[in-house]
Amino acid sequence: MGITKTDFFSEEQNDIATMFKAIGHPARVAILDYLLKVNACITGDIVNELPLAQPTISQHLKELKNAGLIKGAIDGNTICYCIDEKGIEKLQSYFGNILSTLNSRKGCCE
């Protein structure tokens, strides 16, 4: 099997890109917004909140979880999802570094 282009980038760059890809869909942004609003939920609650079918919601949850933006715990026959603080902190650190660098520079396009 050949080398993939992602092998040319750092683990952090690949992780951040995966997170951006995960939040690049409006349904996933809506799921994150909902989880922030309720602090935890089960898949059925999200299905009642969004105009999407349960299998579609499950796929979006899977993508968000694989990206490290949410976490889930099995509670009987349901899964309780919530925001994964570590993933959000990774994004915050990434953007914080960008802002810090920009604040220490003089504008390049002025």
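These questions and answers go through a predicted model and ask what lies behind each label.

Q: Why is Glu 11 called exposed?
A: Exposed means over 50% relative accessible area. Glu 11 has 63% relative accessibility, so Glu 11 counts as exposed. Its place is in helix α1.

Q: What puts the buried residues of α1 on the same side?
A: Start with the names: Ile 16, Met 19 and Ala 22 are buried in α1. They cover an arc of only 120 degrees around the axis, and therefore sit on the same side of α1. An α-helix has 3.6 residues a turn, so residues three or four places apart point the same way.

Q: What do the buried residues of α1 pack against?
A: They pack against α2, α4 and α5 (85–103).

Q: How do you know that the span of α2 agrees with its number of residues?
A: α2 has 13 residues. At 1.5 Å a residue, they should span 18 Å. The end C-alpha atoms of α2 are 18 Å apart, so the span agrees.

Q: Which residues of α2 are buried, and what makes them line one face?
A: Buried means under 20% relative accessible area. In α2 the buried residues are Ala 27, Arg 28, Ile 31, Leu 32, Tyr 34 and Leu 35. Down the axis of α2, the buried residues fall within an arc of 160 degrees, so they line one face of the helix. The face turned away from the buried side carries exposed residues: Pro 26, Leu 36 and Lys 37.

Q: What covers the buried residues of α2?
A: The cover includes α1, β1, α3, α4, β2 and β3.

Q: What comes after α2?
A: Asn 39 follows α2, and its phi is positive, near 75 degrees.

Q: How far apart are Glu 11 and Lys 37 in sequence and in space?
A: They are 26 residues apart in sequence. In space they are 31 Å apart, C-alpha to C-alpha.

Q: How do you know that the span of helix α4 agrees with its number of residues?
A: Helix α4 covers residues 54–66, which is 13 residues.

Q: What makes the buried residues of α4 line one face?
A: The buried residues of α4 are Ile 57, His 60, Leu 61 and Leu 64. Seen down the axis of α4, they fall within an arc of 100 degrees, so they line one face of the helix. On the other side of α4, Pro 55 and Asn 66 are exposed. Covering the buried residues are elements including α1 (11–22), α2 (26–38), α3 (43–49), β2 (70–75) and β3 (78–83). Gly 68 follows α4, with a positive phi near 85 degrees.

Q: Why are β1 and β2 called edge strands?
A: The open sheet has three strands in the order β1-β3-β2, with antiparallel pairing. β1 (41–42) and β2 each pair on one side only, and these are the edge strands.

Q: How do you know that β1 and β3 pair?
A: Pairing needs at least two bridges. β1 and β3 have two bridges, in the antiparallel sense. Ile 42 stands opposite Cys 80 in β3. α2 packs on this sheet and touches β1, β2 and β3. The direction of α2 makes about 90 degrees with that of β3.

Q: How many bridges do β2 and β3 share?
A: β2 and β3 pair over six bridges, in the antiparallel sense. Gly 72 has Tyr 81 in β3 as its bridge partner. The two strands form a hairpin with two residues between them. In the turn, Gly 76 has a positive phi of about 70 degrees.

Q: How do you know that Cys 80 is in no disulfide?
A: A disulfide needs two cysteine sulfur atoms within 2.5 Å. A search of the whole structure finds zero disulfides. For Cys 80, the nearest cysteine sulfur is that of Cys 82, 6.3 Å away. Cys 82 is in no disulfide either.

Definitions and conventions: Residues are numbered from 1 along each chain as its sequence is written. This is a predicted model: local features need pLDDT of at least 70, side-chain atom pairs count only at pLDDT 80 or more; totals for chains, interfaces and linings use all residues. Side-chain values use heavy atoms; hydrogens and water are left out. Helices (H or I, at least four residues) and strands (E, at least two) are DSSP runs, numbered from the N terminus. The expected span of a helix is 1.5 Å times one less than its number of residues. Buried means under 20% relative accessible area, exposed over 50%, partly exposed in between (1.4 Å probe, protein chains only). The arc is that of the directions from the helix axis to the C-beta atoms. Contact means heavy atoms within 4.5 Å. Axes are lines fitted to C-alpha atoms, for helices over the stretch in contact, and angles run from 0 to 180 degrees between N-to-C directions.
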